[in-house]
Amino acid sequence: MKKILILNGPNLNRLGKREPHIYGSETLDDVKNSLELLANQIGCKIDFKQSNHEGDIVDSIHNAEDEEYDGLIINPGAFTHYSYAIRDAIASVSYPTVEVHISNVHARELFRHHSVVSPVTVGQIVGLGTKGYKLALLSLVKEDI
Ligand code: DQA
């Protein structure tokens, strides 16, 4: 059974309360629950984490290699736009990473248009709300989708 790690970066613990006109009313727990449901349906195991600290996210990416995860789904939050440390951590591991953004970053402020992480991911899903996490999970687990 495939094992997928899902990492959420800074301020995503505020989902549901934080700028709901941009990020919607679902909480991060709601997202976790609906991903666990999907994981059961498609027969994979997920671990879901959130951290406001860059180093914690780097450590989780490294540890996932030792713990033999088959893939990573990451929403790095604002780190997306400037964290070379997270970018290098993703480049340092052998499993595939899919980048997810809830909002359409390209329709927002200029600083959100650029991701330093994208070049080392297999793909990026943006602007589809929390559904993006589900699509990322399907793409990592179901090769024939
Ligand atoms: C985000 C977009 C980022 O620009 C922002 O800093 C976030 C959330 C998204 O999911 O739309 O924290 O990654």
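Q: What makes the shell around the ligand nonpolar, polar or charged by class?
A: Ala, Val, Leu, Ile, Met, Phe, Trp, Tyr, Cys and Pro count as nonpolar, Asp, Glu, Lys and Arg as charged, and the others, Gly among them, as polar. By this division the shell has four nonpolar, five polar and two charged residues. The model is a predicted one, in which local features need pLDDT of at least 70 and side-chain atom pairs pLDDT 80 or more, whereas totals for chains, interfaces and linings use all residues. Residues are numbered from 1 along each chain as its sequence is written, and side-chain values use heavy atoms, with hydrogens and water left out.

Q: Which residues surround the ligand?
A: A residue is near a molecule if one of its heavy atoms lies within 4 Å of it. The residues around the ligand are Arg18, Tyr23, Asn75, Gly77, Ala78, His81, His101, Ile102, Ser103, Val105 and Arg112.

Q: What is the space taken by the ligand called?
A: It is the largest pocket. On a 1 Å grid over the protein atoms alone, a pocket is an open set of points where a 1.4 Å probe fits, with protein on both sides within 12 Å along at least five of seven lines; lining residues have an atom within 4 Å of a point. A molecule sits in a pocket if more than half of its atoms lie within 2 Å of its grid points. The lining comprises 16 residues, with Tyr23, Asn75, Gly77, His101 and Arg112 nearest the centre.

Q: How do you know that the residues annotated "active site" gather at one spot?
A: The unreviewed UniProt entry gives this annotation to Tyr23 and His101; such annotations may be inferred rather than shown by experiment. They span 79 residues in sequence, yet no two of their C-alpha atoms are more than 9.6 Å apart, so they gather at one spot. Tyr23 and His101 both belong to the lining of the largest pocket.
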